[in-house]
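I am opening my notebook on a structure that is new to me. Let me jot down what I look up, entry by entry.

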Amino acid sequence: MTRLLLSPVLMSLFLLSLSAICSATVENAADCVAVGTLISSCTEFVNYGYPDPIPGSSCCDAMTVLGTYSDSSDKKRWLCNCFIDLINVYNSNATAISTLSGFCGIVLGFTIDPNTDCNL
């Protein structure tokens, strides 16, 4: 019952976050708040390593939203830099962050890794 009540709320959050992402420009690459907001639905996994994200979970729904955004080279570069910023901030959780797209079956077009060069 709770899941059904949260679903519209989560969907609204995703749509608002997607709107914020789409309104950002590549020149304003430092503004990765919307990406962080979406990834916050993966907090348990990132912080504790469980439960594994599965397609259909709020975490994977967030990754799906991000995956639909990476449809051009500039957007991929911007999104990649946002993920690298997240990894730098939450360095102890870098491995968990880097595995999110794989668990969710989402192809972002780049590898989430602290050593990734987003400018390629």
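**Notebook: cysteines, helices and core**

I began with cysteine 82, which counts as buried at 1% relative accessibility; buried means under 20% relative accessible area, exposed over 50% and partly exposed in between, with a 1.4 Å probe and protein chains only. A note to myself: this is a predicted model, where local features need pLDDT of at least 70 and side-chain atom pairs count only at pLDDT 80 or more, while totals for chains, interfaces and linings use all residues. Residues are numbered from 1 along each chain as its sequence is written, and side-chain values use heavy atoms, with hydrogens and water left out.

**Entry: the overall chain**

I looked up the secondary structure and found six helices and zero strands. Helices (H or I, at least four residues) and strands (E, at least two) are DSSP runs, numbered from the N terminus. Read from the N terminus on, the elements run α-α-α-α-α-α.

Next I checked burial: 36% of the 120 residues in the chain are buried. The accessible surface of the chain comes to about 6900 Å², and 58% of this belongs to carbon and sulfur atoms. Such areas come from the Shrake-Rupley method with a 1.4 Å probe, and for residues only the protein chains shown count as cover.

I also looked at contacts, meaning heavy atoms within 4.5 Å. Among those between residues at least 6 apart in sequence, 71% join residues at least 24 apart.

**Entry: the disulfides**

How many disulfides does the structure hold? I found four, a disulfide being a pair of cysteine sulfur atoms within 2.5 Å. With bonded cysteines counted along the chain, their pattern is 1-6, 2-3, 4-7, 5-8.

Back to cysteine 82: its partner is cysteine 32, and their sulfur atoms are 2.0 Å apart. This pair links distant parts of the chain, 50 residues apart, with cysteine 32 in the loop between α1 (2-23) and α2 and cysteine 82 in helix α5. Cysteine 32 is buried too, with a relative accessible area of 13%. I noted the torsion about the S-S bond of cysteine 32 and cysteine 82 as about -70 degrees, so this disulfide is left-handed.

Cysteine 60 and cysteine 104 form another disulfide, with sulfur atoms 2.1 Å apart. Here cysteine 60 sits in helix α4 and cysteine 104 in helix α6, 44 residues apart. Why is this disulfide called left-handed? The torsion about its S-S bond is about -80 degrees. Cysteine 60 is buried at a relative accessible area of 1%, and cysteine 104 is buried at 7%.

I then turned to cysteine 80 and cysteine 118, joined by a disulfide with S to S 2.0 Å. Cysteine 80 lies in helix α5 and cysteine 118 in the segment after α6, so the pair ties together parts that are 38 residues apart in sequence. Both cysteine 80 and cysteine 118 are buried.

**Entry: the nonpolar core**

Which residues touch the most other members of the largest nonpolar core? Of its 32 residues, they are Met63 and Phe83. Such a core is a set of buried Ala, Val, Leu, Ile, Met, Phe, Trp, Tyr and Cys residues joined through side-chain atoms within 4.5 Å. At least two residues each come from α2 (33-39), α3 (43-48), α4 (58-69), α5 (73-89) and α6 (94-104). Helix α5 gives the most, with eight residues.

Last, I listed what methionine 63 touches, not counting residues up to four places away in sequence: Ile39, Phe83, Leu100, Ser101, Cys104, Ile106, Leu108 and Ile112.
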